Amino acid sequence: MIEQRFKCPNCGEIASFYGDPGEQTVVSCAACNSKGRITIPTSGQNNNYAIEVSHLTKVYGDLTAVNDISFSVKTGEIFAFLGPNGAGKTTTVEMIESIREPTAGSIKLLGRDIKTQFNDVKEKIGILPQEFHSFERLTVRETLVYFSNLYKKKADVDEIIKSLDLTSHKNMLYRNLSGGLKQRVGVAISLVNDPEIIFLDEPTTGLDPKARREVWGVIAGLHKKGKTVFLTTHYMEEAEYLADHIAVIFKGKIIAEGTLEDLIRNYGKSSTLHIKKCKNAAEVIEMLKQEGYDEVSSEGNGDIAIKIDYKERVLEILSHLRHDCIEYESLDIRRSNLEEVFLRLTGSKLTEDKQ
Ligand SMILES: Nc1ncnc2c1ncn2[C@@H]1O[C@H](COP(=O)(O)OP(=O)(O)OP(=O)(O)O)[C@@H](O)[C@H]1O
Ligand SMILES: [Mg+2]
């Protein structure tokens with residue numbers, strides 16, 4: 001008999017089932033009672049999760065900073081843990097890294113329970129902590145050699161320097177680097193032991209847009225190499241651009257989880273058609289409301305926004321405009337994004353920039 005963990009597609013709860021390899025069976029979720037069929041993998045297969053977190057909780061005095069959260073990260077994916085200041089991101093990631101001790105719950109890394117088997121996996125993970133700093137008076141290369149010497153398994157330092165595009169800076173002192181380069185050195189340090197899982201806690205906070213994009217390029221490169229990346233961020237566009245899977249954390253709870261498409265489908269408001277510089281905008285808004293479009297609003301300067309739930313709506317609206325000989329400058333359709341999903345779920349915006 002072996003243990004197979006599965007995640008309920010209905011409520012996200014993670015549960016275990018014991019059975020023989022190859023056995024197929026119907027299981028029911030203890031949390032929401034929905035039923036599904038699972039197959040216990042035969043030997044040689046594994047359940048493909050690099051990180052499995054179950055009912056994780058952290059209490060600091062009166063504050064429950066992380067409140068009974070469960071999620072899994074598949075091997076080779078970029079998982080974004082998205083949330084505002086104080087949501088519980090760092091507390092969670094540092095419990096997974098075995099730096100902070102959980103109040104309750106369990107964590108597996110590469111199938112090993114970190115409470116009892118962390119030593120088996122500690123050399124297989126790489127960490128970029130939040131607000132990382134390194135030795136001011138070491139050069140980039142000296143820094144990497146220093147950290148590399150802390151591990152048994154060593155990646156080629158010069159290869160790392162090359163892959164992070166740090167070659168022309170390798171002899172510069174850390175203290176003389178720009179913010180973006182310092183973050184790249186931080187990512188480079190997290191790679192010195194050629195880890196399977198890399199934890200990056202807010203790797204681009206405080207960087208200018210250009211430096212942020214450079215770090216994104218580095219993270220996308222890790223993904224290409226098959227590494228599992230656990231990324232915490234409060235930047236919507238970072239999660240949208242990079243992540244295969246996103247969990248939104250708010251006040252210590254995961255309030256939504258899935259691919260970007262899942263989140264937009266489940267919590268977004270479909271798309272918005274924008275009519276730019278429309279003549280007689282107020283009358284057009286009234287006309288569209290009478291035609292049954294409930295979510296029509298003025299955006300000032302003759303611009304009108306109309307929520308549309310399926311694309312045929314666009315043709316209908318265009319035919320109304322043509323029929324009434326309405327003049328306008330241009331049209332565009334914008335898809336829902338994570339910003340809107342977050343606003344819907346929490347009633348508040350994620351702060352755009354914190355330095
Ligand atoms: N060691 C600690 N002792 C007491 N409270 C703490 C401790 N560490 C964090 N907290 C509190 O727990 C909550 C979650 O903090 P955490 O640092 O995990 O959030 P975060 O999502 O990483 O925030 P940020 O985006 O600011 O990094 C916050 O209210 C924070 O003040
Ligand atoms: Mg943090």
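**Figure 1. Helix H5 and its buried residues.** In this predicted model, helix H5 spans residues 179-189, and its buried residues are Gln-183, Arg-184, Val-185, Gly-186, Val-187, Ala-188 and Ile-189. Here, a residue is buried if 20 or more other C-beta atoms lie within 10 Å of its own, exposed if 12 or fewer, and partly exposed in between, with C-beta atoms placed from the backbone. Helices (H or I, at least four residues) and strands (E, at least two) are DSSP runs, numbered from the N terminus. The buried residues of H5 pack against strand E10 (125-128), helix H3 (140-148), helix H4 (157-163), strand E11 (197-201) and helix H6 (209-224). Residues are numbered from 1 along each chain as its sequence is written, while chains are lettered from A and ligands numbered from 1 in the order in which they are written. Since the model is predicted, local features need pLDDT of at least 70 and side-chain atom pairs count only at pLDDT 80 or more, whereas totals for chains, interfaces and linings use all residues.

**Figure 2. Ala-188 and the nonpolar cores.** Which residues have the most contacts inside the largest nonpolar core? They are Ala-80, Ala-188, Phe-230 and Leu-231, in a core of 67 residues. A nonpolar core is a set of buried Ala, Val, Leu, Ile, Met, Phe, Trp, Tyr and Cys residues joined through C-beta atoms within 7 Å. A second, separate core has seven residues, among them Leu-273, Ile-275, Val-284 and Ile-304. Now look at Ala-188: leaving aside neighbours within four places in sequence, Ala-188 is in contact with Leu-144, Ile-160, Ile-161, Leu-164 and Leu-166. Two residues are in contact if their C-beta atoms, placed from the backbone, lie within 7 Å.

**Figure 3. An open sheet of four strands.** Follow the strands in the order E6-E5-E8-E9, with antiparallel pairing. Strands of a sheet pair through backbone hydrogen bonds, either parallel or antiparallel. For two strands to count as paired, DSSP must find at least two bridges between them. The edge strands are E6 and E9 (112-113), and each pairs on one side only. Strand E8 (residues 104-109) is joined to E9 by two bridges. Thr-57 stands opposite Ala-104 in E8. Two residues lie between the strands in the hairpin of E5 and E6, where Gly-61 takes a positive phi near 55°.

Figure 4. Which residues come nearest to ligand 1? Of the 13 residues around this ligand, they are Tyr-60, Ala-65, Lys-89, Thr-90 and Thr-91. The elements that give two or more residues to this shell are strand E6 (63-74) and helix H1 (89-96). H1 gives the most, with three residues. A residue counts as near the ligand if its C-beta atom, placed from the backbone, lies within 6 Å of it. By class, the shell has four nonpolar, eight polar and one charged residues. Ala, Val, Leu, Ile, Met, Phe, Trp, Tyr, Cys and Pro count as nonpolar, Asp, Glu, Lys and Arg as charged, and the others, Gly among them, as polar.

**Figure 5. Helix H11 and its buried side.** Look for Leu-338, Val-341 and Phe-342, the buried residues of helix H11 (residues 338-346). They cover an arc of only 95° around the axis, so they sit on the same side of H11. The arc is that of the directions from the helix axis to the C-beta atoms. What covers these buried residues includes helix H7 (236-242), strand E13 (245-250), strand E14 (253-258) and helix H8 (260-267). After H11 comes Gly-347, with a positive phi near 75°.

Figure 6. Not counting residues up to four places away in sequence, Ala-256 touches Val-248, Leu-263, Tyr-267, Val-341 and Leu-345. Ser-297, found in strand E16 (residues 296-298), counts as exposed because there are 11 C-beta neighbours inside 10 Å. Ser-297 and Glu-286 are eleven residues apart in sequence, and their C-alpha atoms are 9.8 Å apart in space.
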